[in-house]
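Thanks for coming. Please look at the structure as I go.

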Amino acid sequence: MSGQKNRQVLVKKLPDGIPLEDDFEMGESAIPEPQDGTFRARTLVLSLDPYVRAVMSGRHFYGAPKPGDVMRGRSVARVDASRHPQYREGDVVVMESGLQDYAISDGDDVHRADTGTAPVSTALGVLGMPGLTAYAALLGPAQIKEGETVLVSAASGAVGSMVGQIAKINGCRAIGIAGSEEKCRWTESEAGFDACLNRKTDDLHARLSELAADGADIFFDNTGGDIQNLVMTKHLAVNSRVILSGLITQYNLPEAPPGPNLGNLCKMRTTVFGFVVYDFEHMRERFLTDAKRWFAEGKIRFKEDMTEGLETAPAQFSKLMHGDNFGKTLVKVAE
Ligand SMILES: NC(=O)c1ccc[n+]([C@@H]2O[C@H](COP(=O)([O-])OP(=O)(O)OC[C@H]3O[C@@H](n4cnc5c(N)ncnc54)[C@H](OP(=O)(O)O)[C@@H]3O)[C@@H](O)[C@H]2O)c1
């Protein structure tokens with residue numbers, strides 16, 4: 001590897017509000033050499049995820065980065081040098097690599113990229129952590145049952161699209177909320193939702209009153225904010241379950257806004273579950289078995305928002321945090 005460098009996306013300054021390209025800068029280091037018990041992997045595809053914004057605000061257990069640190073991120077990567085007993089050159093893994101060309105790992109929190117007949121990039125999306133979030137929450141705490149109405153926000157994203165598709169596989173009605181006509185069309189015609197409402201142009205209260213007159217049995221909340229307030233106060237069924245999955249409306253704010261009046265949760269006997277995917281590792285194997293089969297049977301569609309080149313990662317992250325991504329936000333770094 002002599003002469004080659006490890007290109008990196010570094011934090012230039014911690015963002016104030018929505019992260020901008022200028023909050024990051026490119027840097028480089030020597031390509032690291034693995035020591036005993038570790039391997040080195042070449043990044044192939046990088047994942048950009050909303051939770052990283054919470055990390056940057058110091059609101060995540062990973063802790064806030066400092067200027068000059070490599071920006072956090074998971075990737076699909078190929079092992080290219082190993083002194084680790086369980087990983088060999090050529091193995092393709094999902095790992096916490098950071099946004100860089102090469103990373104060293106001791107094997108902790110590493111999974112083999114196992115996507116069956118689906119493209120390997122789906123190990124970061126519908127067949128990865130976002131897919132597991134949808135699966136584990138619906139089959140676990142939400143206790144999904146045939147015939148129910150499942151409502152999900154950010155419906156065309158990696159988490160949201162899997163929520164609707166798993167709902168349909170389980171014999172439920174799936175209603176999505178998304179941020180554009182294009183996203184809604186894809187959500188209905190490709191992902192097979194029964195309906196998708198445009199949060200920017202539809203009267204959500206009127207449309208939900210028509211489409212789910214008795215309320216949603218499961219509300220899978222990926223956004224918080226106005227959508228959460230509306231659904232929690234007016235569109236829940238009796239004995240409904242709410243999965244608090246994501247609060248992307250708050251990730252760019254300096255502090256949490258005042259909360260809704262939760263009286264309706266009592267009236268509707270609603271169970272609210274604060275969901276964190278890391279607590280559901282025990283469901284990963286079952287999820288992968290089901291998700292790979294569903295994919296092979298043509299029951300899972302996915303959308304990716306992928307650019308090429310490590311240097312495009314800051315703009316992709318900014319786009320995601322503006323809500324302008326359409327599908328799982330990825331960056332292709334190498335073949
Ligand atoms: N709890 C967990 O363990 C867990 C695990 C993974 C992900 N999550 C959460 O799940 C959510 C979806 O994640 P993802 O990776 O699949 O991302 P994603 O849905 O592909 O991207 C985020 C989407 O959020 C929507 N959005 C952004 N800003 C918004 C705003 N101000 N108001 C309403 N909607 C806004 C946008 O969709 P529209 O324009 O279509 O609304 C945007 O495309 C995120 O909140 C994430 O943090 C939680």
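Lys 319 is partly exposed, at 29% relative accessible area. Buried here means under 20%, exposed means over 50%, and partly exposed lies in between, with a 1.4 Å probe and protein chains only. By that rule Asp 305, at 9%, is buried. The side chains of Lys 319 and Asp 305 meet in a salt bridge, 3.0 Å from N to O. A salt bridge is a side-chain nitrogen of Lys or Arg within 4 Å of a carboxyl oxygen of Asp or Glu. This pair links distant parts of the chain: Lys 319 sits in helix 9 (residues 313-321) and Asp 305 in strand 14 (residues 304-308), 14 residues apart. Helices (H or I, at least four residues) and strands (E, at least two) are DSSP runs, numbered from the N terminus.

A word on the source. This is a predicted model, in which local features need pLDDT of at least 70 and side-chain atom pairs count only at pLDDT 80 or more, while totals for chains, interfaces and linings use all residues. Residues are numbered from 1 along each chain as its sequence is written, and side-chain values use heavy atoms, with hydrogens and water left out.

How many salt bridges does a search of the whole structure find? The total is 25. One of them joins Asp 36 and Arg 83, with the closest N and O atoms 2.7 Å apart. Asp 36 lies in the loop between strand 2 (24-30) and strand 3 (39-47), and Arg 83 in the loop between strand 4 (74-82) and strand 5 (92-96), 47 residues apart. Asp 36 is exposed at 62%, and Arg 83 is partly exposed at 43%.

The structure holds 1 cavity of 30 Å³ or more, and the largest cavity has a volume of about 40 Å³. On a 1 Å grid over the protein atoms alone, a cavity is a set of points where a 1.4 Å probe fits but cannot get out, and lining residues have an atom within 4 Å of a point. Grid points are joined across faces, edges and corners, and the volume is the space filled by probe spheres set on the points.

Which residues line the largest cavity? Among them are Ser 121, Val 126, Phe 302 and Lys 328. By class, the lining has 3 nonpolar, 3 polar and 3 charged residues. Ala, Val, Leu, Ile, Met, Phe, Trp, Tyr, Cys and Pro count as nonpolar, Asp, Glu, Lys and Arg as charged, and the others, Gly among them, as polar.

Technical notes:
On a 1 Å grid over the protein atoms alone, a cavity is a set of points where a 1.4 Å probe fits but cannot get out, and a pocket is an open set with protein on both sides within 12 Å along at least five of seven lines; lining residues have an atom within 4 Å of a point.
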